[in-house]
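Please work through each task with the structure at hand before reading its solution.

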Amino acid sequence: MAKRKTYDDSAAEQDSEEVSSLEESSSEDDYDEIRQEFEFFDPQSPWDFEGFKRLLRQLFDADATSFHLGAIADLILAQPLLGSTIKTEGNESDPHAFMTILNLKEHRDKPVINELTNYISHRAGTNPQLSPLKPLLSSDSGKKVGLILTERWVNIATELIPPMYRMLLEEISWAVAEREPYTFSHYLIMSKTYLAIPSLLNEETNRPKKKLKPKAMKGVDEGHTMYYFHPEDEVLERHAALFGGFDYVKQSAEGESDSKSTFHDFGIKQRGHLILIEAAKFEAAVKEMEAEFATQPSIAAAALDKS
């Protein structure tokens, strides 16, 4: 059964004046309108298991083989009242996006949580900005950290993500009211970014390099411009206690970035990214995210109105 109502994304982004202008200046043969309906669902077994594994593999990228992804998927499915999926073809179809939260302290005895915790601690140790994570995640720490995992297909608009965070906050509050173990001191978001790096093809052909014009630029790492796969991460960072990137343990072969090139003179290097937010500041971060991406009324209604 659908967790939330459906909505139609054909109403997104352009206001009525822009649409009218487009209709006046274009004939019917100039473009085809693409209509897509999405639905929000609870995580559900057995239909989401393989879809979760695929999205987790995409999230962890080069290091995905370091984890038992099936065990992570099982943990997500074991708490169906926490988190959401987005689908387009009904309940039994593959998820196009998911969001969940895992209690690292509550599940610390599970091997896959040990894998995740140790991995995060070791990767955090490679970046001074992330080094405070190691004591925070240690077994003798009194802090309760909730690990947020979220990933989506490229066709999922960023405007769909704030409602998922809003639903997660509500579901956590309901779980806490039922005395379930979801009272957190911090939220840790696992994400990913990429760097635009000069292509090796330029060296081979000695072509002059063109200037890259990024759509979304945050900072510089090792002299390279950093981009977000998840644009909402930039909002979350404004409320973060710490954030930063790290290289994957399993590095790509030299020149492999050229195979992922999206620019004429640049390849991309994908990296892991972590954002830590104190629990008291998390709702404000979600509110700013909702305002930043101007959620369409139809999307907000779909997310908040229970079916």
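**Exercise 1: Charges over rings**

Task: In this predicted model, the charged end of K87 sits over the ring of F41; state how far it is from the ring centre.

Solution: The distance from the charged end of K87 to the centre of the F41 ring is 5.4 Å. The cut-off for such a contact is within 6 Å of the ring centre and within 35 degrees of the ring normal. K192 likewise lies over a ring face, that of F229, at 5.0 Å from the ring centre.

**Exercise 2: The pair F67 and Y119**

Task: Classify the ring pair F67 and Y119, and locate both residues.

Solution: Ring pairs in the model come to 11. For F67 and Y119, the centres are 4.9 Å apart and the planes stand at 80 degrees. Planes over 60 degrees apart count as edge-to-face, and therefore this pair is edge-to-face. F67 lies in the loop between helix 2 (49–60) and helix 3 (69–77), whereas Y119 belongs to helix 4 (residues 111–124), so the pair ties together parts 52 residues apart in sequence. Both F67 and Y119 are buried.

**Exercise 3: The pair Y165 and F282**

Solution: Y165 is in helix 6 (residues 161–177) and F282 in helix 9 (residues 279–292); the pair links distant parts of the chain, 117 residues apart. Y165 and F282 are both buried.

**Exercise 4: A cluster**

Task: Which residues do ring pairs link into a cluster with F67?

Solution: The cluster joins F67 with F60, Y119, F246 and Y248.

How values were computed
Residues numbered from 1 in each chain as written. Predicted model: local features only at pLDDT ≥ 70, side-chain atom pairs only at ≥ 80, totals over all residues. Heavy atoms only, no water. Phe/Tyr/Trp six-rings, centres within 6.5 Å; stacked < 30°, edge-to-face > 60°. Helix = DSSP H or I, 4+ residues; strand = E, 2+ residues; numbered from the N terminus. Buried < 20%, exposed > 50% of the residue type's maximum accessible area, 1.4 Å probe, protein only.
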